[in-house]
Amino acid sequence: MGNGWHEWPLVLFTVLGQCVAGAIIISGMGWLAARHEAADQRRIVRSMFFLWVIMGIAFFASVLHLGSPLRAFNSLNRVGASALSNEIASGSIFFAVGGFWWLLSALGKMPQALGRIWLVVSMVLGLVFVWAMTRVYQIDTVPTWYNGYTTASFFLTVVLTGPLFAALLLKLAKVPFNGKFFAALSVLALLASLAVVVMQTSELGFIHSSVQQANALLPDWGVWQVWRFVLLAAGLGCWICPLLRRVPSTAFGLTIGLVLMVAGELIGRGLFYGLHMTVGMAIAG
């Protein structure tokens, strides 16, 4: 994975966090659409347990990056002034608000009307969390990150992995979910991700410092990107092929597809961290 894999806690945190943010939006839509079917809603809530398991793994990984839980608390000292503090704060709020919604709903203690509002707020907080993530890496002294490709890539991960994760959760809940629109959305996200890589690759040759060329940071950039898109396409295929054949998807097939897509995005995020370039006197262009 080149030089980026040493940041594996951040790779896991960002990819898994973005996956959960996307999944809660789509599975939340399923819950909202089943408002007249209490049994369906209960099964959806039970399956959404896995959202918070994955989110817990993501936060555990982020703590490993910081070294200790105490440092995580200290990083909240500059909320509003520090992008890192804003990221941790927004992620914690998303985790807490969404997690409490799930817990009260699972216990049957959530009023229906309040539950709908609370869930929508949780869905919005997921997007706020992803936006806060993107701001952490908009550092003007790191020209390989300080661009729109960073923001686009983070949100494209949401659209690539979130719908498939939600499709799996709704399948486990035994709730009908056609998913053609969301599958098509993920395909568009795959094409957009490919366009981002092509454009970013062309620009890396123009970013350099007095001692370093950006496109020399990762000599195997192209090879790893090919593997990334092979995994993404294969993962999407596990979801789309049954849709095209008009046969029901299986939980096993969706699980394999999700694992492949997350693996692809982990590769992409590792490459992202491998592009870190402390510039000093850097020149872009």
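**View 1. Ser193 is found in helix α8.** Welcome to a predicted model, in which local features need pLDDT of at least 70, side-chain atom pairs count only at pLDDT 80 or more, and totals for chains, interfaces and linings use all residues. Residues are numbered from 1 along each chain as its sequence is written, and side-chain values use heavy atoms, with hydrogens and water left out. Helices here are DSSP runs of H or I with at least four residues, strands are E runs of at least two, and both are numbered from the N terminus. Ser193 counts as buried because its relative accessibility is 3%; buried means under 20% relative accessible area, exposed over 50%, and partly exposed in between, with a 1.4 Å probe and protein chains only. Not counting residues up to four places away in sequence, Ser193 touches Leu156, Leu160, Arg228 and Phe229, where contact means heavy atoms within 4.5 Å.

**View 2. Ser186 also lies in helix α8, which covers residues 180-204.** With 0% relative accessibility, Ser186 counts as buried. If neighbours within four places in sequence are left aside, Ser186 is in contact with Val159, Leu160, Pro163, Leu236 and Trp239. The buried residues of α8 include Phe182, Ala189, Val196 and Gln200. They pack against α1 (8-33), α7, β1 (207-208) and α9. From its first C-alpha to its last, the 25 residues of α8 reach 36 Å, close to the 36 Å expected at 1.5 Å a residue; the expected span is 1.5 Å times one less than the number of residues.

**View 3. Helix α7 bends by about 25° at Thr161.** The bend at a residue is the angle between axes fitted to the seven residues ending there and the seven starting there. Helix α7 (residues 148-172) has 25 residues and spans 37 Å between its first and last C-alpha, close to the expected 36 Å. Of these 25 residues, 18 are buried, so α7 is largely enclosed by the rest of the structure. At the start of α7, look for a side-chain oxygen of Asn147, which comes within 3.1 Å of the backbone nitrogen of Tyr149.

**View 4. The largest cavity holds about 190 Å³ of space.** Among the 18 residues that line it, the closest to the centre are Ser153, Gln200, Arg228, Gly268 and Phe272. A search of the whole structure finds 1 cavity of 30 Å³ or more. On a 1 Å grid over the protein atoms alone, a cavity is a set of points where a 1.4 Å probe fits but cannot get out, and lining residues have an atom within 4 Å of a point. Grid points are joined across faces, edges and corners, and a volume is the space filled by probe spheres set on the points. Helices α7, α8, α9 (221-245) and α10 (251-274) each supply at least two lining residues, and the largest share, 5 residues, comes from α7.

**View 5. Lys174 and Arg246 sit in loops.** Lys174 lies between α7 and α8 and has a positive phi of about 60°, although it is not a glycine. At 67% relative accessibility, Lys174 counts as exposed. Arg246 is in the loop between α9 and α10; this residue, not a glycine either, has a positive phi of about 60°. Arg246 is exposed, with a relative accessible area of 76%.

Technical notes
Polar contact = N/O pair within 3.5 Å; in protein donor to acceptor, adjacent residues only side chain to side chain. 1 Å grid on protein atoms, 1.4 Å probe; cavity = no way out; pocket = protein on both sides within 12 Å on 5 of 7 lines; lining within 4 Å.
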